[in-house]
Every structure is written in C-alpha cells, then in structure tokens.
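Please keep the sequence and the structure in view while reading.

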Amino acid sequence: MTISIDPATVPVQPATADDEDGGTPAGPGATGVTIATVERAADVLLELTRAPREGLGVPQLAAAIGMSRSATRRTLGSLRASGLVEVDESTHRYVLGVGALRLGVSYLNRIDVRRMARPALEDLSADTGETATLSVLLGERARVYVDQVTPDREVIVSVTLDQPYPLHVGASSRAFLAYLPEAHLERHLAPTPRRLRSGVLVDGPDLPQLRRDLAQVRARGWATSTGERQDGAASVAAPVLQHDGRPVAVLSVCGPAARLAGSLGDCRDRLLAATGALSALLGWDSGPD
C-alpha cells in the first residue's frame, strides 16, 4: 500500500524572532530556541574575553558577533543577572564579571601541568629525536625537572628529576626568569655576597650579562644554552604561560651539542608550537603577532 501526503496539508511551525537570529536544530529534550540562547551567550562571553579593558557597548558587541542589538541586549541581561558580565552605568559598556572569573579559576584549578604536558613531550621527543623535558618553579630561586621523554637512540642527554637548579643556569632556567614578574626578577637579580657551598666560596651570576640575556629571551620567546649544566650538552627552552603571562612551566629540547647545533631551528619551531598550544589551554592570548 502506498500512502501519499499532500505537502500543503502538513502543518508548519512558524519561525520565531529568536529562530531568525540563527538557532540550531534542537536535540532530544531541547528546543531550537534554548540552543540558540546558549550559543548566543557563549558568543557574547567569548567576544568579551577579547574586548579592550574598558569593555564593549551593545552596538559593538552585536556587530562583532553578527547578532541583532535587541537579541544582544537580552543576552547581556541574562548574563548580567548571573554575574557573568558587568556594565559600567556611565559608559554603558560591558565587561566580564566575577562569575566568569569563577569559571576560569575552576578550570585552572583542575589542570595538572605534568599530565597536560605529557603528550607534548612525547611528540617533541619523537619529532626531534632528542630529549624533551618539563620544568616547574621551586620557590623563588630555583626550578626542577618533573618529567622527561628520551628518544630511542644510542647517544642521548637525560636530566635528573626533582633536583633544584638556580634560575640563572641553563636555558630552562632563563626561560623562567625572563618571564617572571618584575618584582620577582629584581629580587633574584639583586647583588648578593659570595655564598659558601660545600666549603667553597661560589660567585653569583654576572648580573649585567644576565640582564642582557633575559632581555634577548623576552624579545624572541626562547632561550638556548650550551655546556652550562652538563659538558657537551645543549638545549633550547620556552615557557608555558598562563592567562596573565606568568610562566607556569618550561619545556625544553636537549641533546648532544654537536648534534643539536645542526637541528636547532627545527627543534625551536616545534618547541614553540608546543608551548604555544599549552599556553592557549591555560588562557594565554599571544595576540595577532
């Protein structure tokens, strides 16, 4: 038996103003209007993360995300009621509110940098054929290696995990030091008397040279070293930055100096791609450059 249906007799649900603004077909248990509302709220919040410090007005927001001004106002009203956005009553510009901060802090609190960076270390070591390492800060004047992945080859460089290293020795140390807040940096660079270590007087770093080195690291985004911690070894390192630009970790690629010299450019490029991706996960926005 064949059943024919006249399309003219099939009822059609009229489109609403909200649907015209660009909804998504509803899934089970949801409506198109509900999904469109959530999508709009997400668009507004993401656009405000890129807004200047003074925020954005309704016309600017609406134009940026391709939404009508009336829909933008309704969305902002809902977000404001939940504390996700705030408005300056004198300028009528909107910025992210304390509710958005709570969301960000909750995300950051559950991040395990070592777990998060492990796939990047594995890829770096496989792609470069050298050892990839992860360092974190230990107090204000030292850092430690907390993970490494070594290549499957006869001659390699490996590091000692959990052993403190000063922040002026080696590429990973300077990649940290160059990106620390100015007050922290100045405390570390303050002249200190020679220290007695294992019964031997040890001089501190050459501060003028160290300042020049750190300025260069900040300018190009990475640090390199040869034979500073280990004879015959070299490394290139770059920081993983969180949302405010502070370093939470440093990744490095290290190997025999003679071998790394021939592949430094490739190792550096792969390293910067890895640290850039990890930094983005932590909320860092490097901007158009």
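Of the 289 residues in the protein chain, 37% are buried; buried means under 20% relative accessible area, exposed means over 50%, and partly exposed lies in between (1.4 Å probe, protein chains only). The model is a predicted one, in which local features need pLDDT of at least 70 and side-chain atom pairs count only at pLDDT 80 or more, while totals for chains, interfaces and linings use all residues. Residues are numbered from 1 along each chain as its sequence is written, and side-chain values use heavy atoms, with hydrogens and water left out.

The protein chain contains 10 helices and 10 strands. These are DSSP runs numbered from the N terminus, helices being H or I with at least four residues and strands being E with at least two. A contact means heavy atoms within 4.5 Å. Among contacts between residues at least 6 apart in sequence, 54% join residues at least 24 apart.

## The sheet

An open sheet is formed by 6 strands in the order S5-S4-S3-S10-S9-S8, with antiparallel pairing. Strand S5 (165-166) and S8 are at the edges; each has a single partner strand, so one side of each is left without a neighbour in the sheet. Two strands are said to pair if DSSP finds at least two bridges between them. S4 and S5 are joined in the antiparallel sense by 2 bridges, and Arg143 has Tyr165 in S5 as its bridge partner.

Strand S10 has two pairings to consider. Antiparallel to S3, S10 is joined to that strand by 5 bridges; S10 also pairs with S9 in the antiparallel sense, over 9 bridges. Ser252 in S10 is the bridge partner of Thr133, and Ser252 also stands opposite Ala237. The hairpin of S9 and S10 has 5 residues between the strands, and Gly245 in this hairpin takes a positive phi near 90°. Why is S10 described as largely enclosed by the rest of the structure? The reason is that 9 of the 10 residues of S10 are buried.

The buried residues of H9 are Leu207, Leu210, Leu214 and Val217. They cover an arc of only 75° around the axis, and therefore lie on the same side of H9; the arc is that of the directions from the helix axis to the C-beta atoms. Arg212 and Ala219 are exposed on the other side of H9. After H9 comes Gly221, with a positive phi near 90°.

Helix H10 (residues 257-281) has a kink of about 70° centred on Ser263. The bend at a residue is the angle between axes fitted to the seven residues ending there and the seven starting there. Among the buried residues of H10 are Ala257, Leu260, Cys267 and Leu271. The buried residues of H10 pack against helix H6 (113-128), strand S8 (223-226), strand S9 (233-241) and strand S10 (247-256). H10 is followed by Gly283, which has a positive phi near 95°.

## Salt bridges

The structure holds 12 salt bridges, a salt bridge being a side-chain nitrogen of Lys or Arg within 4 Å of a carboxyl oxygen of Asp or Glu. The table lists examples.

| Pair | N to O distance |
|---|---|
| Arg114 and Asp147 | 3.6 Å |
| Arg259 and Glu130 | 2.8 Å |
| Arg268 and Asp269 | 3.2 Å |

The side chains of Arg114 and Asp147 meet in a salt bridge. This pair links distant parts of the chain, for Arg114 is in helix H6 and Asp147 in strand S4 (residues 142-149), 33 residues apart. Arg114 is partly exposed, at 43% relative accessible area, whereas Asp147 is buried, at 3%. A network of salt bridges links Arg114, Arg118, Glu122 and Asp147.

Arg259 and Glu130 also meet through their side chains in a salt bridge. Arg259 lies in helix H10 and Glu130 in the loop between H6 and strand S3 (131-138), so this pair ties together parts that are 129 residues apart in sequence. Arg259 is partly exposed, with a relative accessible area of 25%, while Glu130 is buried, at 1%. In the pair of Arg268 and Asp269, Arg268 is partly exposed at 24% relative accessibility, and Asp269 is partly exposed at 44%.
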